[in-house]
Amino acid sequence: MCGIVGYVGAAPALDVVLEGLRRLEYRGYDSAGVAVLDDAQLQVERRAGKLANLDAALAGRQVNGTLGIGHTRWATHGPPTDRNAHPHTDCSGAVAVVHNGTIENFAELRDGLERRGHELASDTDTEAVAHLIEERYADGPTAGDLAASVRSVCRDLDGSFVLVVAHRDHPDLVIGARRNLPLVVGIGEGENFLASDVTAFISHTREARALDQDQLVELRRDGVRVTDLDGNEVPGETFHVDWDTAAAEKAGYEYFMLKEIQEQPEAVSQTIGGRIAANGKLLLDELSISDEDVRDFDKVFFVACGSAYHSSIVGKYAIERWCRLPVEVEMASEFRYRDPVLDKDTLVIAVSQSGETADTLEAVRHARQQRAWVMAITNTVGSSIARESNAAFYTRGGPEIAVASTKATMTQLAAVYLVGLFLAQVRGTREDDEVRSHFHDLATIPELLRDVLGRMDGTRKLARELANEERVLFLGRHVGYPMALEGALKLKELAYVSAEGMPAGEIKHGPIALIEKGTPVVVLATRHALQPKLVTNIQEIRARGARTIVIATDGDDTVAPYADHLIRLPDTKSLLSPLLMLVPLQVLAAEFAMARGLDIDQPRNLAKSVTVE
Ligand code: F6R
């Protein structure tokens with residue numbers, strides 16, 4: 001998804017903006033550009049393709065100036081060409097605009113502008129905004145007032161946007177505005193920043209403020225002023241980013257994804273750290289909800305997308321087991337359209353790494369309109385989903401840069417277990433001792449993960465052997481089922497092969513027809529009450545020629561005779577086993593894709609945070 005950077009300060013703006021764009025590369029993009037205010041002229045450069053193309057275009061150009069804006073674009077309106085790349089300017093080159101999102105009434109706005117004599121040079125919705133600002137700044141009640149002109153234009157836009165604007169008459173002012181998409185202000189000394197996320201500026205400052213819905217910020221060297229779209233100043237809180245630039249760098253790994261896989265033990269420790277008091281009470285204080293309200297919930301919905309949806313299915317199994325509450329898991333993109341039955345006694349848990357996924361955000365809004373109590377489980381402090389929910393439970397996984405989710409999914413799993421235990425404790429469906437015992441099992445996971453990570457050589461070798469396969473199936477039962485879905489999703493998105501995850505018991509109802517001699521089938525068969533049934537399923541597929549890759553618990557020999565390849569995991573409580581299963585699935589997919597020569601950090605067609613519905 002597009003990345004946005006704005007800067008005003010004392011440093012060379014081009015360097016700051018390009019560095020910020022580089023840090024946002026992980027979001028996925030297909031063109032990039034910058035505008036720097038240099039001696040009362042906006043120097044604009046933009047190029048299709050990677051940042052290296054922009055660097056090459058800028059090489060040898062003398063661009064000075066301490067105010068600039070930049071953008072990495074993920075094409076929506078018009079193909080990813082030089083002329084469609086941002087920044088876009090008005091007729092005279094006085095205004096430069098970068099934009100994230102989609103403006104739904106853009107056709108009408110462009111028609112009006114063309115009728116009024118403007119010449120639009122791109123296919124984008126964004127360019128219309130530059131020309132509209134030009135008009136409002138030139139004439140009428142907002143003439144000469146850049147912030148008021150941008151506010152006035154924003155009021156006329158339908159859809160979602162983050163806009164960052166520079167004007168050649170304003171050497172000390174960058175304007176940012178947002179609706180439905182994230183924009184964060186970085187607060188420095190004598191310099192201030194704007195960005196789609198804090199990664200862009202944490203090497204300069206770790207103090208930040210997230211803008212709220214329909215707010216505009218005037219960014220100057222000596223301060224920031226935030227208003228609503230009517231111009232009223234609005235208070236807001238700053239927050240401190242408690243991870244540093246090292247967390248957002250590769251640290252010697254070839255890919256961020258490989259580093260993030262290795263970071264998982266520490267990430268889980270962060271999620272669960274400090275969550276239990278000496279008396280065994282779980283401390284989820286940030287949920288700030290009364291025990292009475294927790295006891296009143298009579299059903300739970302998880303809403304999420306992709307990997308977060310898979311974590312949510314595990315959450316369902318945990319909450320149903322521990323709390324005896326009915327739980328539904330819904331893909332966020334479907335949730336509001338089928339008009340689910342919600343009321344004030346419904347708990348809706350929105351799981352989202354980025355906290356900005358449009359489908360999940362809309363599901364949150366729908367749930368709140370129906371008076372449900374909404375809890376966000378997210379990795380991103382100050383994100384839209386966190387802010388628009390009743391309460392946010394932060395997974396504290398640290399920045400996840402690779403597009404494919406690994407440690408974020410892992411910490412979401414840890415979080416759904418914690419929430420399940422918390423509900424069970426408050427509702428009294430589990431004794432404190434039992435809650436404490438489950439928590440202690442959870443607390444052993446980081447060590448077990450280190451063990452698993454140390455055993456992955458065989459899995460990597462196997463992945464390389466399989467790398468020419470075009471179809472892989474994943475089977476599991478109970479909590480192994482969502483992990484089968486996750487294993488298949490990872491392989492699809494990274495290696496571009498057709499992969500399907502399904503409940504092992506379902507295969508005989510149709511999918512078994514896919515199996516022919518040599519078809520690789522990954523079976524998640526760790527120790528579990530359902531294992532005898534799984535053994536039968538493995539025999540069924542093996543009899544049809546499948547090449548079985550079985551993930552099994554140390555010391556368990558019941559499945560070994562049916563495995564062409566065995567991947568062993570240490571023992572843990574079966575309900576918690578997804579935490580360990582995830583690792584070989586991630587490693588398998590990453591190594592498989594690398595063996596095919598693919599970039600596992602930025603898989604084709606994907607974006608890190610999907611802010612369009
Ligand atoms: C898969 C992946 C996606 C995300 C999904 C939800 O590896 O990364 O499926 O899990 O787009 O994203 P968040 O969690 O940011 O809402």
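Guide: Strands here are DSSP runs of at least two residues, numbered from the N terminus. Keep in mind that this is a predicted model.

Visitor: Which strand holds threonine 378?

Guide: Threonine 378 lies in strand 18, residues 373-378.

Visitor: Is threonine 378 buried or exposed?

Guide: Buried means under 20% relative accessible area. Threonine 378 has 1%, so this residue counts as buried.

Visitor: What does the side chain of threonine 378 reach?

Guide: The backbone oxygen of glutamine 353, at 3.2 Å. Beyond its neighbours within four places in sequence, threonine 378 also touches other residues, including Ser352, Ser354, Phe393 and Tyr394.

Visitor: Now helices. How do I read a packed pair?

Guide: Two packed helices are described by the angle between their axes and by the distance between those axes. Take helix 9 (residues 306-323) and helix 17 (residues 480-495). Their axes come within 9 Å and cross at roughly 170 degrees. Helix 9 is therefore roughly antiparallel to helix 17.

Visitor: Which residues of helix 9 and helix 17 meet?

Guide: Helix 9 brings Gly306, Ser307, His310, Ile313, Val314 and Tyr317. Among their partners in helix 17 are Tyr481, Met483, Leu485 and Leu489. The residues of this contact between helix 9 and helix 17 divide into 8 nonpolar, 3 polar and 2 charged.

Visitor: How many residues are in the largest nonpolar core?

Guide: The largest nonpolar core has 129 residues. Those with the most contacts inside it include Val198, Ile445 and Leu491. Leaving aside neighbours within four places in sequence, isoleucine 445 contacts Val268, Thr572, Leu576, Leu579 and Leu580. A second, separate core has 27 residues, among them Val129 and Ile175.

Key
Residues numbered from 1 in each chain as written. Predicted model: local features only at pLDDT ≥ 70, side-chain atom pairs only at ≥ 80, totals over all residues. Heavy atoms only, no water. Axes fitted to C-alpha atoms, helices over the stretch in contact; angles between N-to-C directions. Helix = DSSP H or I, 4+ residues; strand = E, 2+ residues; numbered from the N terminus. Parallel < 35°, antiparallel > 145°, perpendicular 65-115°, else oblique. Contact = heavy atoms within 4.5 Å. Nonpolar A, V, L, I, M, F, W, Y, C, P; charged D, E, K, R; others polar. Core = buried A, V, L, I, M, F, W, Y, C linked by side-chain atoms within 4.5 Å. Buried < 20%, exposed > 50% of the residue type's maximum accessible area, 1.4 Å probe, protein only. Polar contact = N/O pair within 3.5 Å; in protein donor to acceptor, adjacent residues only side chain to side chain.
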